[in-house]
Structure formats: C-alpha cells, structure tokens
Amino acid sequence: MDFYSDLKRIREKRPLIHHITNYVVMNDSANITIALGASPIMAHALEELEDLVSMAGALYINIGTLDERWIESMVKAGRIAEKYNIPVLLDPVGAGASRLRTEVTQRLLESFPVKILKGNSGEILSLKGIKGATKGVESAVSGELEAAISVAEKYGLTVVMTGKIDYVSDVKRNAEVENGTPMLSKITGSGCMLGSVISSFMAINDDPFISSIEGLLTYEISAEIAEKESDGPGTFKIKLFDEIYNFKEDYYNMARVKYL
Amino acid sequence: MDFYSDLKRIREKRPLIHHITNYVVMNDSANITIALGASPIMAHALEELEDLVSMAGALYINIGTLDERWIESMVKAGRIAEKYNIPVLLDPVGAGASRLRTEVTQRLLESFPVKILKGNSGEILSLKGIKGATKGVESAVSGELEAAISVAEKYGLTVVMTGKIDYVSDVKRNAEVENGTPMLSKITGSGCMLGSVISSFMAINDDPFISSIEGLLTYEISAEIAEKESDGPGTFKIKLFDEIYNFKEDYYNMARVKYL
Amino acid sequence: MDFYSDLKRIREKRPLIHHITNYVVMNDSANITIALGASPIMAHALEELEDLVSMAGALYINIGTLDERWIESMVKAGRIAEKYNIPVLLDPVGAGASRLRTEVTQRLLESFPVKILKGNSGEILSLKGIKGATKGVESAVSGELEAAISVAEKYGLTVVMTGKIDYVSDVKRNAEVENGTPMLSKITGSGCMLGSVISSFMAINDDPFISSIEGLLTYEISAEIAEKESDGPGTFKIKLFDEIYNFKEDYYNMARVKYL
C-alpha cells in the first residue's frame, strides 16, 4: 500500500471531518486534524446538523462525555451521514464501564451504518457479549484478535482494537500494528485523536480496512518520533502535533504492520 | 497611535473579559487573555449572568458550538452588557455555513448593540446579504474591504474581517493589517483567541476602530515571533502564549498597518 | 511525613479520580491527574453516575462553569460518594462572585459530606458569612488562617485556602505551605489542577489534612521547577506536566511547610 499518497491527498483535499466528541479532548482533536491536513468541524445543535454533516468527508462520533442531549445529536448526525453516504467512525469510549455507555453504543450501531468501530480491548469486548452468548471476558482476552473479528462480523464493519498491539479486522482481512509508545497512555485523549486521524483517512480512502491501518501508522509513528524529543507527557503532546504536521514519506519505513 | 500605552493599561488594570464562547477553545482563550494581562471569566448560567457581566470591562460572544441553551445565554448576556454600557464583540463563527448560524448572528445583532463584529471573509460576507440586495459572493470577494465597509454601515459597528490581509472598518475610517503568519491557520481557535485579545483592548480603549487595530497587531506580531521559534503547530501555539506575555514596546515596530 | 511513599502508592494503585468539573480545564485536569500517576474519569450523565462514581477512589467537584444540569449532577455524584464512602473534594470556583455560586456551594456542602474544601481566600471567605455572624471581609482578610479555621469548623472539614501562602486547617491542626510561583497565576486552571492532585492523594491517604499538604507540595514544587525551564506561561504549563510526571523523592527537600 502507498500510505503516503493518501496522506498527500488529505493535505491537498482538506476533507471536512465532522466531530461529535467529548468536552475533554475537543481542542486536541481539532488540532490533530488540522495538523494532519484535514479540516475539523465541531457542532452538535440538532437544527444545523444537516447543513454541516452533509458537507463532511467523514463523521466521527465519540461518546466520552455523553448525556441525553448529546446522544440525540449523535443519532441524528449518524442518520444524516447515512442519507448523504458519508462514512462514520464510532468511538465507544467507556463502553463496558457503565451500562449507559454500553447501551448507547449498541443503540448507535443499530441506528445507522458505522464503517469503523475503534476502541480499546475492554470497549470492544463489552460489545461482544450483548445479545449474544457471552463467552466471559477472560477467555476472550486470551484471543484479542479473535474478539475483534467476532465484533467485526457481528456488526458488519471494520474493528480497530487498540492496545500494546493494535488489531484491525474486517473479518476477511486482519492486521496487527505494533507501532506507538507507552507515552500515548500518559496523555488524555490519545485514543480520541487517533479517531480523528483514522476518520481523515476514511474520508479520502473508501476501504475502511486500509484507512484504519493508514491512520494507526501515521499517528503512532508520529508519536514514536515525538516521544524521542520530549521530556515527559507535556512536551510529548506538543511534539506530537509538530510531528504529524511534518510527517514525511520515509517515516512510513518505520511501519510495523503484519497482515495475518 | 501609541499602542504600547494601551497594552500597559491592560496589564495594570487587568480588566475582566466575560466570555461566552465555544467548548473547543475555552482553555486557549482564557490563557491568551491572561497572557496579555487581562482577566477572563467564562460563565453562561442565566441565573448569574447579571452578577458577572455587570463587573466586566468587555463581553466577548462567540457562537462556535452554539445550541439553544447557549443562544439564550448569549442574548441575555448581551442585554445585560447594554444595560451596564459594556462593549460587546461578536464572533459569528461559521455564519454562512449553516442557516442556524447566520440566523443567530442576525438575531444577536438585533438584540443588543455590538461594538465590534469580527470574522473571516466568509462569515462577514454572509451577513451582507441578509435582508439586503445580495450582490453575490464572487463580486464581493473581489472587493473585501468594500464588503467590510458595507457590513459596518448596515449594522452601525466596527468590522474586523480577517484573512491574509485583515480589514478594519467603521465606515469613516478603514485600515489594512498585514501582520500574522499562515501558521495561525494550522491551529484551532486562532480567530477565537484574536477575539479575546481585541476584546481586552476594547475594555480599555473606547474607540473600537483603534482597539481592533491594537488587538490585531499585538496578536499577529506575537504570532510572527512565535512562528520563528517553533517546529510546527504544537510548539507554535505554546510559544504564542509566551510571546504575547513577553510583548515589548519595540515589537510594535514590526507593525504593517495602512490607513486607507 | 513520608510524602514520597504516598506518591509512589498513587503511581502503583492508579486510583480513579471522578471529576465533575468545568469546561475550561477538563483537558488540563485530566492530563495532570495522569501525569501524577492516577486515572481521571470525566462523566456527568445522571444515568451513569452510580456505575462510575462507585468505582472511584475520590470524587472531585468543581463549579467553574456550572448551570442547572451540572448542579444536579454534582448533587447526585456527591450522594453516591457518600453511599460508597468515597471522599469528596469541593472546589467552589467563584463563590462570592455571584449569588448563584455562593448558594450552590452552600447547597452542595449541605447535601453530602465533603472532606476537603479548597479555594482561594475570596472563595473561602465568602462561605464564612453565610448563615453566620458576618465579620466583614476586611477584618477577616487580616487573619487568613483564622478564616480558614473558622470555615473548617463551621462545616467540619479540612480547608485548603490558596494564595501566596497556602493555609491548611482541620481546626485541630494547621499548616502553611509557601511553595509555588507567581507563574501559576498566569495560566487558567492552576487551582483546578491542584484540586485534581489533592484529590489523588486523598484517594490513597485517609487523612485529608495530610493529603492536602502532600498535594500542595507535589504540585507547587513541580511548578517551581517548571518555571525555571520556561520562557512564559505557554512553556510553563507544558513543563508542569513533565515535572509532575518526573517527580523524584528528593524534590520534597524543597518543601516549605510550617505546622502551626
């Protein structure tokens, strides 16, 4: 795959990425999207969602600080995306940690088509059990890729399951990405920013399996370089914006991806 | 004009700048206001607006992530500002991009006096057409200053229209500011932070045409210096706070302003 | 006191610190909590508060951008904390500046047990007068420690009153902390981040008088070191995250605390 040509297309076309996301990360998510080369929009008012989502190249929904009003906006935005054939990435932050989050994730998945579901293993695993024969978390953990495949199959989408190793599956194709740095877990919103990056690739590449891998590599390689230039999580986050902005073709030589 | 004496007055008097702004930029807007020398307040609850706005030196309203509840707060805050004779700067983020934003901007302009209307050319131009003979966007773009003048005249206020060149007009007086750096477009909220800076000058200088120019110069010269010290948009934003905090009298020698 | 052993316990146990806080600082507060070694959660939906607060090691409530919906969440979260015996830190941002804030602070203090009340002198003093014989603010200012003691006594909790000198009192014991730097007043949310840090110590040390001192020292010593490495408030904030993350045992040699 020629990852760099897709990055160049983002920088040239500057697709609009509509975000409905949480209060904590809005600023960082907007900045990572711009640094990558795309254009973020953040808007949630029901009255204007059609005007704005219909112009977007992708819709990114993140339930990090959800409440009833925001849930309504998420459902409406997703349905508008469906109407205009705009791809959706869903980030079920905290699914499994509260009943509300697990149920809302389920409800969103049933309300409109989602192209990519991205979460950590706890979040993805929490969706495995719903309305199905629960295998129990322990057994599933021993086979993370297996779990990603089963969720991808259940919902008919591409799953990105992040962790020390990231798994990507659309059932037919599976990949492992081993880039990144533990420093990503020392800042808030590192998963949310990844969601913005993958959504940007999704806006210019129709194949969600490919755009997921491109997003993971671009973000995590930038993080590896940023980590080397930083003295802690403060400087790390700042350099992460710099590095994704300065991303060069040969950085992709650092890619550690396996197709399984 | 002696720009520096007004900056010194901000640093000495530390005027309260009441912000009703969007979720994405609240942190950066508060920090740029403090770095300049003024004091930000962010509060939107209807029950406390009178207690807080009445103490402010200026009110800054930004519709970036509006919804019905926030619109209500904006209207109420503006009317309180009118009652206490506090100058208002309105930042119609996204006007023209959705009908809601264009209408809300119009509604705010009709609900209370606005001293300064600050936006990019798309936003300002979207206000030209309302209830008027629309000239069409293309023709207007060829005469950006003309558009700024016509909006200033229509609403009886000072217009700041930002872009590669910034235009300031109160109909009688017109100016062009050519400072700044393209790096400002690589971070979110650069226009919103400018709004906080102009509002701070507006709080200590009664002439909105002058305070607009002072705000533009102080912010954009700081950005030029910050850009030279940065490796990308991450470090740029951080250095922008440093430079506005460290702003010295001779920085104004870099001013590129023309009175037309 | 062996401050460092408590910091190590935070880093090992990574207690969940549930935050109900203001929009302006959410990102910084989450990041300082992670940098210290604890785990932030930010959630306010009434439907999920019991699921989430019940897992927390501490609850931190900050009224910085309150409105009626958030007040409801604060009351509910506090009552859940009481049910599960989870310690609560209340940060009455702006109490005294608006009637709403003073009344809400009072209401929260009456609705559930608060272990630590942390504010600047204006905020703490505003609580002295309610329903009591008001001594008038001027006289009280001349005896800040006295005021802290009297509020601690009135509400039966530990008071942290921040300023050039910070006072800690649980009536029986009193302390002064003189660490910190004026640069902390040049960034927004410095008090809010301190609240997250003290809450993290409160989660692993049952004595709120001790955990208040530990939080103050860890945060303010980190700030002193960060200040030396910075060129202004932008770089200062970034280095503050780095320094609290890299905090070493011998940093506590810089502690300037007096037990009165």
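I call a residue buried if 20 or more other C-beta atoms lie within 10 Å of its own, exposed if 12 or fewer, and partly exposed in between, with C-beta atoms placed from the backbone. Helices (H or I, at least four residues) and strands (E, at least two) are DSSP runs numbered from the N terminus. I am working on a predicted model, in which local features need pLDDT of at least 70, side-chain atom pairs count only at pLDDT 80 or more, and totals for chains, interfaces and linings use all residues. Residues are numbered from 1 along each chain as its sequence is written, and chains are lettered from A and ligands numbered from 1 in the order in which they are written.

**Entry 1: helix α8 of chain A**

I looked up which residues of α8(A) are buried, and found A:A147, A:A148, A:I149, A:S150, A:V151 and A:A152. The helix covers residues 144-155, 12 residues in total, and reaches 17 Å from its first C-alpha to its last. That is close to the 16 Å expected at 1.5 Å a residue, where the expected span is 1.5 Å times one less than the number of residues. After α8(A) comes A:G156, with a positive phi near 65°.

**Entry 2: chain A as a whole**

I counted 11 helices and nine strands in chain A. Its C-alpha atoms fill a box of roughly 45 × 45 × 35 Å along the principal axes. Of the 260 residues in chain A, 62% are buried.

I then turned to contacts, where two residues count if their C-beta atoms, placed from the backbone, lie within 7 Å. Among contacts in chain A between residues at least 6 apart in sequence, 72% join residues at least 24 apart.

**Entry 3: chain B against chain A**

The contact takes 22 residues from chain B and 23 residues from chain A. On the chain B side, α2 (26-36), α5 (99-111) and α11 (233-245) each supply at least two residues. α11(B) gives the most, with four residues. I sorted the chain B side into nine nonpolar, seven polar and six charged residues. For this, Ala, Val, Leu, Ile, Met, Phe, Trp, Tyr, Cys and Pro count as nonpolar, Asp, Glu, Lys and Arg as charged, and the others, Gly among them, as polar. Only 14% of the interface residues of chain B are also interface residues in chain A, so the copies meet through different surfaces.

**Entry 4: chain C against chain A**

Chain C is superposed on chain A by a rotation of 120° with 0.0 Å of shift along the axis, at an RMSD of 0.0 Å. I noted that 23 residues of chain C are in contact with 22 residues of chain A. In chain C, α2 (26-36), β2 (39-42), α3 (49-53) and α11 (233-245) each supply at least two residues of this side. By class, the side has 14 nonpolar, four polar and five charged residues.

**Entry 5: single sites**

I checked helix α9 (residues 190-204) of chain C, and 15 of its 15 residues are buried.

B:E82 lies in helix α4 (residues 68-83) of chain B. Is B:E82 buried or partly exposed? With 15 C-beta neighbours inside 10 Å, B:E82 counts as partly exposed. Leaving aside neighbours within four places in sequence, B:E82 is in contact with B:F112 and B:P113. The C-alpha atoms of B:E82 and B:F112 are separated by 6.4 Å, though the residues are 30 apart along the chain.

Most residues other than glycine have a negative phi. I found a positive phi of about 60° at A:N85, which is not a glycine. A:N85 lies in the loop between α4 (68-83) and β4 (88-91) of chain A, and is exposed, with 7 other C-beta atoms within 10 Å.

Notes: Least-squares fit on C-alpha atoms with pLDDT ≥ 70 in both.
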